[in-house]
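Student: I've just opened this one and could use a hand finding my way around. Shall we go through it together?

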Amino acid sequence: MRTVFWENNELKMIDQRILPGRFEVLSYRGHKDVAHAITDMVVRGAPAIGAAAAFGLALAGFESASSSTSGLLADLGAASATLKAARPTAVNLAWALDRVMRTAYSVNSSADDMRAAVLNEAQKLADEDVEINKRMAEHGAALINDGDTIIHHCNTGALATVDWGTALGVIRTAHEQGKKIHVLVDETRPRLQGARLTAWELEQYGIPYEIISDNTAGYFLKAGKVQKCFVGSDRTAANGDVANKIGTYMLALAAFDNGVPFYPVVPTSTVDLSLAHGNLIPIEERNPQEVLGLEFEGQRVAPKNAKARNIAFDVTPNRLVTGIVTENGVAYPPFEASLKKLVENKP
Ligand code: MRU
């Protein structure tokens with residue numbers, strides 16, 4: 001089953017807030033509810049939120065009462081702005097919405113034709129995401145050797161995409177190729193995407209894994225027990241600086257210090273060539289309650305009046321990055337030239 005899909009004129013999404021305890025698929029009929037679902041992380045992961053937003057725009061088309069193409073375009077434009085504001089860091093959100101809006105603008109026959117074209121483009125984008133992930137996975141799996149132990153951060157699997165996954169997709173493909181691999185799963189505080197979602201996916205694929213607390217990665221890297229790190233990205237700047245889930249930077253530092261290759265796996269839709277470097281990437285800060293609400297042995301950890309900061313992403317500078325895996329091949333330093341080539345699909 002796909003993480004995000006269209007069925008019976010509704011958008012359906014696996015509720016990622018309650019996994020692995022419960023598996024539920026929620027239905028959406030309005031774009032504002034889709035925007036809330038993205039903010040609340042019912043759906044999460046850069047490619048998955050891009051696809052959800054694209055289908056959200058299709059819903060906005062059916063919500064609009066407008067019978068003229070100009071009126072419908074105005075309604076779609078307003079819905080696109082609402083959906084874009086749902087989360088700031090993953091560029092896939094704006095990329096997907098801009099792509100579907102371009103399709104809307106290209107239709108001038110009738111409002112109903114425009115509605116159909118918007119839904120068709122959203123569906124195309126979702127289908128392409130799966131195909132792109134599988135191509136990326138082939139390029140990435142070639143970097144994995146039989147017997148490798150791999151550290152993985154956050155969740156980048158089928159749940160973070162429409163299906164298959166980015167970094168976890170690479171691991172899954174290597175496993176399907178018969179390579180014996182072991183995954184050390186960063187639990188990924190504060191929302192525990194690793195311990196909850198990546199572990200849940202690895203169980204289903206039959207890939208051996210162990211969950212480690214985020215601060216354990218350095219221990220295993222220094223002990224020589226890890227051969228590679230694979231992570232995803234929410235936005236990669238033109239120079240190869242990589243924004244990804246908070247904690248990725250510390251992992252990359254420890255990998256670099258111990259000579260362990262560090263590979264972000266990044267569909268070209270995640271590369272933002274308009275940003276020269278990673279300091280220009282907007283970084284989301286979420287509700288401190290996500291940090292403060294943590295319980296240990298049934299009790300809230302933090303004192304009642306404690307304050308917290310909840311920075312959701314960090315930027316790994318390109319000097320710590322070994323190579324960037326895309327659907328068009330692997331980019332190596334200097335990334336300014338190699339990434340641009342792959343994004344423009346001229347390997
Ligand atoms: O806050 P999240 O769970 O949406 O963050 C997700 C990540 O950081 C992933 O690594 C990223 O989206 C790329 S994976 C497809």
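**Around the ligand**

Tutor: A polar contact here is a pair of N or O atoms within 3.5 Å. Keep in mind that this is a predicted model, where local features need pLDDT of at least 70, side-chain atom pairs count only at pLDDT 80 or more, and totals for chains, interfaces and linings use all residues. Residues are numbered from 1 along each chain as its sequence is written, and side-chain values use heavy atoms, with hydrogens and water left out.

Student: How far is the polar side-chain atom of Arg87 from an oxygen atom of the ligand?

Tutor: Let's take Asp234 along the way: one of its polar side-chain atoms lies 3.0 Å from a ligand oxygen. For a polar side-chain atom of Arg87, the distance to an oxygen atom of the ligand is 2.8 Å.

Student: How many residues surround the ligand?

Tutor: A residue counts if one of its heavy atoms lies within 4 Å. The closest are Arg44, Ala46, Arg87, Asn244 and Lys245. By class, the shell has six nonpolar, eight polar and four charged residues. The number surrounding the ligand is 18.

Student: Which helix and which strand each supply at least two residues of that shell?

Tutor: Helices (H or I, at least four residues) and strands (E, at least two) are DSSP runs, numbered from the N terminus. The two you want are helix H2 (46–63) and strand E9 (242–245).

Student: Which residue has a positive phi although it is not a glycine?

Tutor: Look in the loop between helix H1 (31–40) and H2. The phi there is about 70°, and the residue is Met41.

Student: Which residue does a cis peptide bond join to Pro333?

Tutor: Go to the loop between strand E16 (329–331) and helix H11 (335–343). Omega is about 0° for this bond, and the partner is Pro334.

How values were computed. Polar contact = N/O pair within 3.5 Å; in protein donor to acceptor, adjacent residues only side chain to side chain. Nonpolar A, V, L, I, M, F, W, Y, C, P; charged D, E, K, R; others polar.
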